[in-house]
Amino acid sequence: MTLKKNDDIRLEITAFTSQGSGIGRFEQIAVFVDGTAPGDLITAHIIKVKKNYAIGKVQKFHKKAPFRIESDCEVDSRCGGCAYRYITYEKELEIKRQGVNDAMKRIGGIDIECEEILHIEKPENYRNKAQIPVGISAEGKIIAGFYSKKSHRIVDCDDCKLQNKDFSLIIKAVKKYIYENPVTVYNEETGEGLIRHVYLRKAVKTQQIMVCIVINGNSIPKKDRLIESLLATGLGIKSVVLNKNKKDTNVVLGDECEIIYGSEFIEDELCSLRFRISPLSFYQVNPEGTELLYGKAKEFAGLKGDEVLLDLYCGAGTIGLTMAESVKQVIGVEIIPQAIENAVENAEINGIRNVRFICDDAKGAAKTLYDEGIRPDVIVVDPPRKGCSREVLETVSRMAPERVVYVSCDPATLARDCGIMKELGYNTERLCAVDMFPRTVHVETVVLLSQRRPDTHIDIKLDLSELDVTAAETKATYQEIKDYVFDKFGLKVSTLYISQVKAKCGIIERENYNKGEGKSRVPQCPPDKEEAIMDALKHFKMI
């Protein structure tokens, strides 16, 4: 039977995708069905057919998986926020842990098992941040909620099970203000209308709340009435901000903020430290999960008190500052100036003196540290979802830290980058998952990478007594070149490699200086080491 659109087929679900859909097979074709789980036996109505797969929706359940439960959210089937509300949380954790293992093997080529998946006790109402789009329904009703899966169609929801419970009251207050005042709502198709999003942040330990209204303009009418409506909730609203985003873009926040009530920041406590949170600063959305994550990252770092720790993508400095008491010095690197300002403030608030921050990319920061003669013992990286570029990973490997702790919110890009680090001389030693985002498809991971020690060496016999020394060679000895390359790039290079590069540059060597002894294949200088040796030859004015 050839599968066609609108066919109804009997299908056994046997696996999950990384995006939370169930998978079954019909005559060797994979069929993806949302809202299903391994163990379900269903009738699926086919809504799309491609060459190698099809997409269906549940028409009828004949048998349900033993771990299936009834969803506690009335918009779960339409909203794109949650993925696993219809299965037990224990099964969700099992799926996520296995997904991390599979990504490491399939994408990174690394055979390692996730040691454990850490999680908070109650996987509900854990988010301290919400970006809620505002729109108008076909009936003319003001709606605010979350986008339907794979679309920008807003699903109206005043009471999300993932968000902090206080956010529901704030959304109702904003809707009240819109209804009672001459305020328009943004329309993505026309680019017209004023209010685009309601962006909320709550500091859970201090109970301080920031309300940020994202607008397609420079001001809002009757702003005093908005403030009155918000304060009438009786919540701990410390800051009300207008964020101005007049661009035709899917990016939620614009670059300009205006404080219309209260403070320009709120403060929260994390890992016994106090942090200031401004509208544009990065701060983890699950504070209880963050403490689990940072605790595991610190364990993997293996700090003894005398290390220099480099925190790449440091944001507001949270990871590095939580480790500062256990190292000699923390150096945070971040390319966003406002984040660096927040990091400096956070260090001052907590009286942390053994920390400095550099506003630069990884490559620029590495050069700064090299020029100062600083080599980090441990590097922590916590990049965006897209992971690290190869250039960043090569920069990390050249700095030659003993250990690299990689924190990631995407197992796929983490696995890819661990595979690259393996090429660059770092083994993946430990792997742990942290369920920072319960009931969604997302999971946080932390990995320990350790510098691989060479287990083989090549003996090369050199007859130095017969060596013809040129004028260029007298400028630096082989040991001086080796020391320079190691100090600047963290690379160990052999005399053989140096002689091969010198030969390429026209600096003549005797034959046995460029070849290994015997008939075995002579190893050739790798590109990264060749580049480093060339740098040394230029430094010593030999070329």
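Author: What follows describes the sheet and its helices, and then turns to the other parts of the chain.

The model is predicted, with a mean pLDDT of 89 for the protein, and 93% of its residues reach 70 or more.

The protein has 543 residues, of which 52% count as buried, and its secondary structure comes to 13 helices and 22 strands. The C-alpha trace spans about 95 × 65 × 45 Å along its principal axes. Of the contacts between residues at least 6 apart in sequence, 64% join residues at least 24 apart.

The open sheet that you ask about is formed by seven strands, and its order is E9-E8-E7-E10-E11-E12-E13, with mixed pairing. Strand E9 (154–156) and strand E13 (256–262) are the edges; each has a single partner strand, so one side of each is left without a neighbour in the sheet. On average, and ignoring direction, neighbouring strands of this sheet are turned by 35° against each other. Within the sheet, strand E11 (residues 208–215) and strand E12 (residues 237–244) run parallel and are joined by seven bridges, and Ile 215 has Lys 244 in E12 as its bridge partner.

Two helices pack on this sheet. Helix H2 (residues 166–180) touches strand E7 (129–136), strand E8 (142–147), E9, strand E10 (195–203) and E11, and the direction of H2 makes about 150° with that of E10. Helix H3 (residues 223–231), for its part, touches E11, E12 and E13, and its direction makes about 60° with that of E13.

Elsewhere in the chain, helices pack on each other. Helix H1 (residues 89–106) and helix H9 (residues 411–423) have axes 8 Å apart and pack at an angle of about 35°, in a crossing that is right-handed. Here Val 100, Ala 103 and Met 104 of H1 meet Pro 411, Ala 412, Leu 414, Ala 415 and Cys 418 of H9, and the residues of this contact divide into eight nonpolar, no polar and no charged.

E14 pairs with strand E15 (residues 273–277) in the antiparallel sense over five bridges, with Glu 267 standing opposite Arg 276 in E15. Two residues lie between the strands of this hairpin, and Cys 271 in the turn has a positive phi of about 50°.

Leu 273 of this region is also in contact with Ile 352, whose other contacts, leaving aside neighbours within four places in sequence, are Leu 321, Ala 324 and Ala 347. Ile 352 lies in the loop between helix H6 (337–349) and strand E18 (355–359), and it counts as buried because its relative accessibility is 13%, under the cut-off of 20%. From Ile 352 to Leu 321 the C-alpha distance is 7.6 Å, while the two are 31 residues apart in sequence.

Methods:
Residues numbered from 1 in each chain as written. Predicted model: local features only at pLDDT ≥ 70, side-chain atom pairs only at ≥ 80, totals over all residues. Heavy atoms only, no water. Pairing = 2+ DSSP bridges. Helix = DSSP H or I, 4+ residues; strand = E, 2+ residues; numbered from the N terminus. Axes fitted to C-alpha atoms, helices over the stretch in contact; angles between N-to-C directions. Contact = heavy atoms within 4.5 Å. pLDDT = per-residue confidence, 0-100. Left-handed = near helix turned anticlockwise from the far one by under 90°. Nonpolar A, V, L, I, M, F, W, Y, C, P; charged D, E, K, R; others polar. Buried < 20%, exposed > 50% of the residue type's maximum accessible area, 1.4 Å probe, protein only.
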